[in-house]
Amino acid sequence: MKRISILILSILFLGFYSNKTVACHGLPLVNYSFNVGATGVTVNGSSNAATCGCGPYWMQVEVSCSPVFTGNMPTCLTTTLINWNVANGTTYTSYPYYQSLLNIPAYTGPAWMDNCVVEPYHSVFIPFNQFCPGSTMFFRAREVIAGGGPSFGPWTAVSQFVVPGTLLTPTCTPNLTHTPPTTPGSPACVGTPFVLNINNLNCLTTCGGTLAPSCVPTTTVFYKWRSNPANPSTPTITSLPTLNVPIVNTTTTFSVWAIDSCSVPGGACAKKSLCVNTNTVWPLTTTIYINNVTVMASFPAPPNQCLNGNNFSFNAVTSPGTSYNWNFGDGNLGAGASVNHSYAAPGTYTVSLTASNPAACAPNTVTQVVTVYPIPVITAGNSGPVCAGLPLNLTSNGAVNYSWSGPGGFNSALQNPSIASPAVNQSGIYTVTGTDANGCVGTATTNVVINPGAPLNISNTGPVCSGNNISMSVSGSNTYTWSGPGSFTSNQSTVTFNNAAASVSGIYTVNATSAGGCISTATTQLVVNPTPTVTITNSGPVCNGNTVNLSANGGGTYQWSGPGGFTSTQANITINNATSNNAGVYTVTVTSTEGCTSVASTTVVVYQKPSCSVTASSPVCVGDELKFTTTENLANTYSWSGPNGFVSNQKNPKIPESTLNNNGTYVLTVTSDKGCTATASVNVIVNPLPDVNITAKNTSGCAPLCNVGFTATSSSNITKYEWNLGNGTTSSNSNINDVCFYQSGPYSPAVTVVDNNGCRNTMATNVQVFPKPVADYKYSPNPINILNPLVNFTDISFGGDINTWFWAINPGNYGTFAQQNPSVTFQDTGVYAVHLVVTNTNGCKDTVSKAIYVYEDFMFYVPNAFTPNGDGQNDEFKPIITNVSNYHMIIFDRWGKEVFSTRDLNKGWDGNVKSKINNNAPTKQEVYIWRIEFSSKGKGAVHTGHVTLIK
């Protein structure tokens, strides 16, 4: 129950404070105010309602003797705030920080409690006795959260108060100086180092004899230096009253604060600024005046140049009132903002520019490096003297890129160019200009000598057509060497080709040696124009009525002649609808552009076309044979095409069993032995077979099955019905009634209908005649006597899977039985009617009835088989009967013909048949029927049965 109560209270507590914000960071004070009293200043403020969750909470007031607050809360004070102790009071007052806790009613500690509402802090009291009388003090306040931090809220605006009393004057006046000294009229140059000194500091450790009670006589003075009093950056702190400034680039005011450290009783720590009355501005300041007039001295380095024709241009970046002096680095000087200078020798030179200005402290000098490249030394040579037409090689060296020029407009950019076949007029001075990697240029020359050869005159008598003579000749020397196509050589001045072929055409060269040993060469071109090679064709043989195309090529112009005065000047000729008159030899004369001619001929053959016609055995019925008959002339091959993908190469093809898909047009194309074709077509009609349906009644049953009927119907135009029922019955009517099927078995009665197109169709149906069983039985003993009245009946029925038996024995006396083989005990002698009804699996029935004799005491036994084979065993059929009279036994074959008869009880049948031809003819192995008649005690009896003769 206690746990439940705590849980409910917890839920109520969470619900009540669920809308409160937990703040672990300081927030702005609310209700902030202060009051200056007679002995000190009282500061009041409250916490924000959102300030809850991470107490304790303090209101902190910082005091300074300057409106610039530069101190940080010392670590020892932070520890004091976090580890608060109620027993020591709710406020801590120690310069420059004063703190007070929240004023929580009835709070006794030790756990911190906050109500998350606006709550007042205890008042902070700042006593006057901690400050020098007459001094002006500045203060500000903020919220501090000690738990989990500390965390600080923002400071309030800075306020101030004046300590009652008169500010004491120190016994000395401190000041700040710098060395070397500067004035606005006598500034120092940029880059001058300075030393700043604080003078007369011995009076800064007291407040004119009235020291605050919290300070001890022993003090340590620190200094905060700034280069500008308005600069909020962190100043340099040093314990020395001297500050070294290595370089000052512009006029700058330096300031310094002096701070001493005092010990506070009770172990708290704080910092206290000394407040003095001085005639100088506090903080102490001094101004260093700098001459920051800078002399502009710069110039771009001109590009490096080659020695030949170098002229460097140097241009200073100018500023007003500045003079410029140059040193070119080769012992030569110059003056002015822009100067030009040429160097007499290659090399690297340092050029300096000195800029001067009367307003500047010192001139400014800058340098640039320039390079004068040497002129490259170029060499040139050649492989001459050479004979005209022989290769000449030029050589050079000393550069990176080369440019040659020479006689006859020769030029080349190669270092070592060659002239493959120079002429005499190419002799002379060749100049090469070389450019090195620096772009400097040098030149060299070489003299080329080309000796002439013998002056040769060469000519030929061409051009000629092939088959004519052509000659060539040369003069101007005594010895000649010829060369030409086909490895031709000769040393004659005149060469003649008789009956020249086109293959001798080409460039022929003759060489002759001059008196100076140079070989002269001359060439001539022999032109033997070939007789045009004529290619003539025709598109024949063609068939009569087709187009003949004649074509010739190989020349420039064409002249045709042919049968019937045919002429033409075309290269390609078309003869449309050619006939036998166009057959014959066509000749064309071809003339080349050089005037050479050639003649060719071709024979045009025009064949006669075959002819054909076709017939078909149409119309036919579906399933009939479709025959095609062709009558033709000159046909050699046959190609049929028709519906349903029909194709054939027979002259008179057949379709053995036509279908409706064979309807349509059949086309025959015949081709003669010359390839000429003719076509013929025939349209074929294949009539559909008439439809027929059979409606039958009473189509299954036991034999004999009667009252069977059939009706044939058709949507076609039927002209004849032909029935064949399979049982010997036929009819030409559409329907048949009262039909009987006597024998068992399946039948397929069918009707054939003939429509008005003569098409026949046959439809069959099924008739099932189930076999009728044959009821029969035997019994034993046989004969029966009253001494052994138990008779066992054995079913020997057959036919159609008999599955039901019904016995009725002497109805009214011995009842009925359903088993297949019953047994009955007769009570008295006499004749008993025994009926057997059998039913097979098809429901067909048969009945057999027999009279059973129960004799008094005689024996009657008839065997059912015998083997008349002469082995002495069972060779004859003979019943065993006792106590009877009037005995008569007759044997019949299966067709009812008598084969044996006797009235002698002791005589049996030996299996032979009595006949007029043969008194003792043998019989064949079969089943035979016997009939025995006799009398016993005045009563007659007849028995029948069967016996099997086995051979």
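# Reading disulfides, cores and backbone features

Colleague: To begin with accessibility: is C518 buried or exposed?

Modeller: C518 is buried, at a relative accessible area of 2%. Buried means under 20% relative accessible area, exposed means over 50%, and partly exposed lies in between, with a 1.4 Å probe and protein chains only. This is a predicted model, where local features need pLDDT of at least 70 and side-chain atom pairs count only at pLDDT 80 or more, while totals for chains, interfaces and linings use all residues. Residues are numbered from 1 along each chain as its sequence is written, and side-chain values use heavy atoms, with hydrogens and water left out.

Colleague: Which residue forms a disulfide with C518?

Modeller: First the general idea. A disulfide is a covalent bond between the sulfur atoms of two cysteines. The criterion here is a pair of cysteine sulfur atoms within 2.5 Å. In this model C518 is bonded to C387, with the sulfur atoms 2.1 Å apart. The torsion about the S-S bond of C387 and C518 is about -75 degrees, so this disulfide is left-handed. C387 sits in strand β27 (residues 386–387) and C518 in the loop between β41 (506–513) and β42 (519–526), so the bond ties together parts 131 residues apart in sequence. C387 is also buried, with a relative accessible area of 15%.

Colleague: How are the strands numbered and assigned?

Modeller: Strands are DSSP runs of E with at least two residues, helices are runs of H or I with at least four, and both are numbered from the N terminus.

Colleague: How many disulfides does the structure hold?

Modeller: The structure holds eight disulfides. One of them joins C621 to C759, with an S to S distance of 1.8 Å. Its S-S torsion is about -90 degrees, so the link of C621 and C759 is left-handed. This pair connects distant parts of the chain: C621 is in strand β54 (residues 620–621), and C759 is in the loop between β69 (750–755) and β70 (760–764), 138 residues apart. C621 counts as buried at 7% relative accessibility, and C759 counts as buried at 0%.

Colleague: And what joins C702 to C844?

Modeller: A disulfide joins them, with S to S 1.7 Å. At -95 degrees about the S-S bond, the link of C702 and C844 is left-handed. C702 belongs to strand β63 (residues 700–702) and C844 to the loop between β78 (830–840) and β79 (845–855), so the pair ties together parts 142 residues apart in sequence. C702 is partly exposed, with a relative accessible area of 25%, whereas C844 counts as buried at 1%.

Colleague: Which residues have the most contacts inside the largest nonpolar core?

Modeller: A nonpolar core is a set of buried Ala, Val, Leu, Ile, Met, Phe, Trp, Tyr and Cys residues joined through side-chain atoms within 4.5 Å. The largest one here has 23 residues, and those with the most contacts inside it are V43, V61, I126, F131 and F161. Strands β2 (40–46), β3 (57–64), β6 (124–127) and β7 (136–145) each supply at least two residues of this core. A second, separate core of 22 residues includes V884, Y887, M889 and V899.

Colleague: What is I126 in contact with?

Modeller: Contact means heavy atoms within 4.5 Å. Leaving aside neighbours within four places in sequence, I126 is in contact with T39, G40, V41, V43, V61, V63, Y98, F131 and F161.

Colleague: What is the strand order in the open sheet of five strands?

Modeller: Strands of a sheet pair through backbone hydrogen bonds, either parallel or antiparallel. Two strands count as paired if DSSP finds at least two bridges between them. The order in this open sheet is β19-β25-β24-β21-β22, with mixed pairing. Its edge strands are β19 (305–306) and β22 (333–335), each of which pairs on one side only. Strand β21 (residues 323–327) runs antiparallel to β22 and is joined to β22 by three bridges. L333 in β22 is the bridge partner of N327.

Colleague: Where in the chain is P463 found?

Modeller: P463 is in the loop between β35 (457–460) and β36 (464–465). The peptide bond from G462 to P463 is cis, with omega near -5 degrees. Another cis peptide bond joins S618 and P619, with omega about 0 degrees. P619 lies in the loop between β53 (611–616) and β54.

Colleague: What is the phi of L634, a residue other than glycine?

Modeller: Phi of L634 is near 70 degrees, a positive value. L634 is in the loop between β55 (626–633) and β56 (637–642) and counts as partly exposed at 39% relative accessibility. D801 also has a positive phi, near 50 degrees. D801 lies in the loop between β74 (790–795) and β75 (802–809) and counts as exposed at 59% relative accessibility.
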